[in-house]
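Let me put the thing on the screen, and then we'll walk through it together.

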Amino acid sequence: MLTVEQILAAQKAQVATLFDLSSKALASVEKLNELNLQAAKASLSESASHAQAVLSVKDVQELVALQSTVLQPLAEKAASYSRHLYDIASGVGAEFGKVAEAQAADAQKQFASAVDTAVKSAPQGSESAVAAVKNAMSTATSAMESVQKAVKQATELAEANFNAVTTSALAAKPVKATKA
């Protein structure tokens, strides 16, 4: 049975965890806002430069050449922006995952402690029931570890796929316009 002190300590820990997660979420929002502000500034500057270049064009072929030189850097910037977004999201996801794992491990310890306490006060002749409970706990622990490993592998695979797509997108050459 939990004491009042144990309940209060658990609530204090939960509040501290909530504030920690809130702080991490706000830091991620701050990073996202900074990224968007940098992208907006760069876009404004590049648009002004491009507009000046377009206004100085003398013929259609020069315009086509100018437009084709803009496409590759644009693709690279879009890929870079996506990568930064992914890094921010995966960073906060990893932080939240660590907290979730710690919370799950703590809950598992508390449950195991409660089961041990119950087992110690079990009446004579209940050894088979105690063994079944311990076996169920062991199975549940193994299942939890398997799920955590699968999630970690899926995350690593998704990141590898994202990197591969980004690399292949950047390696693609823009199609040049042909003369009519």
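So, start with Lys 24 and Asp 20: they sit 4 residues apart in helix α1, which runs over residues 4–55, so about one helical turn separates them. This is a predicted model, by the way, so keep that in mind as I go. The two side chains form a salt bridge, with the closest N and O atoms 3.2 Å apart. How exposed are they? Lys 24 comes out as partly exposed, because its relative accessible area is 22%, and Asp 20 is partly exposed as well, at 35%.

Now, Lys 24 has another partner. Glu 95 also meets Lys 24 in a salt bridge, and there the N to O distance is 2.9 Å. Glu 95 belongs to helix α2 while Lys 24 belongs to α1, so this pair ties together parts that are 71 residues apart in sequence. Glu 95 is partly exposed too, since its relative accessibility is 27%.

Next one, please: Arg 83 and Asp 87. Their side chains make a salt bridge at 3.5 Å, N to O. Both are in α2, 4 residues apart, so again we're talking about one helical turn, roughly. Arg 83 has 22% relative accessibility, so it counts as partly exposed, and Asp 87 lands in that class at 36%.

Back to the earlier group for a second. Through shared partners, salt bridges link Asp 20, Lys 24, Glu 95 and Lys 98 into one network. If you want the overall tally, the count is 5 salt bridges.

Okay, α2 itself. That's residues 60–120, so what does its length look like? The helix has 61 residues and spans 89 Å from first C-alpha to last, close to the 90 Å expected at 1.5 Å a residue. Which residues in α2 are buried? The list is Leu 66, Gln 72, Ala 79, Tyr 86, Ile 88, Val 99 and Val 115.

Ser 28, over in α1, touches Ile 88 and Val 92, leaving out residues up to four places away in sequence. And Ser 28 is buried, because its relative accessible area is 13%, and the cut-off for buried is under 20%.

On the outside there's a nonpolar patch. Val 70, Leu 71 and Leu 74 make it up, with about 250 Å² of accessible area together. Val 70 is in α2, and it counts as partly exposed because its relative accessibility is 31%.

The mean pLDDT of the protein is 83, and 93% of the residues reach 70 or more. Where is it lowest by element? That would be helix α3, residues 127–171, with a mean of 79, whereas α1 has the highest mean, 91.

How values were computed. Residues are numbered from 1 along each chain as its sequence is written. This is a predicted model: local features need pLDDT of at least 70, side-chain atom pairs count only at pLDDT 80 or more; totals for chains, interfaces and linings use all residues. Side-chain values use heavy atoms; hydrogens and water are left out. Patches are made of residues with over 30% relative accessible area and no salt bridge: like charges are joined within 9 Å, nonpolar side chains (Val, Leu, Ile, Met, Phe, Trp, Tyr) within 5 Å. Accessible areas come from the Shrake-Rupley method with a 1.4 Å probe; for residues, only the protein chains shown count as cover. A salt bridge is a side-chain nitrogen of Lys or Arg within 4 Å of a carboxyl oxygen of Asp or Glu. Helices (H or I, at least four residues) and strands (E, at least two) are DSSP runs, numbered from the N terminus. Buried means under 20% relative accessible area, exposed over 50%, partly exposed in between (1.4 Å probe, protein chains only). The expected span of a helix is 1.5 Å times one less than its number of residues. pLDDT is the predictor's confidence in each residue, from 0 to 100. Contact means heavy atoms within 4.5 Å.
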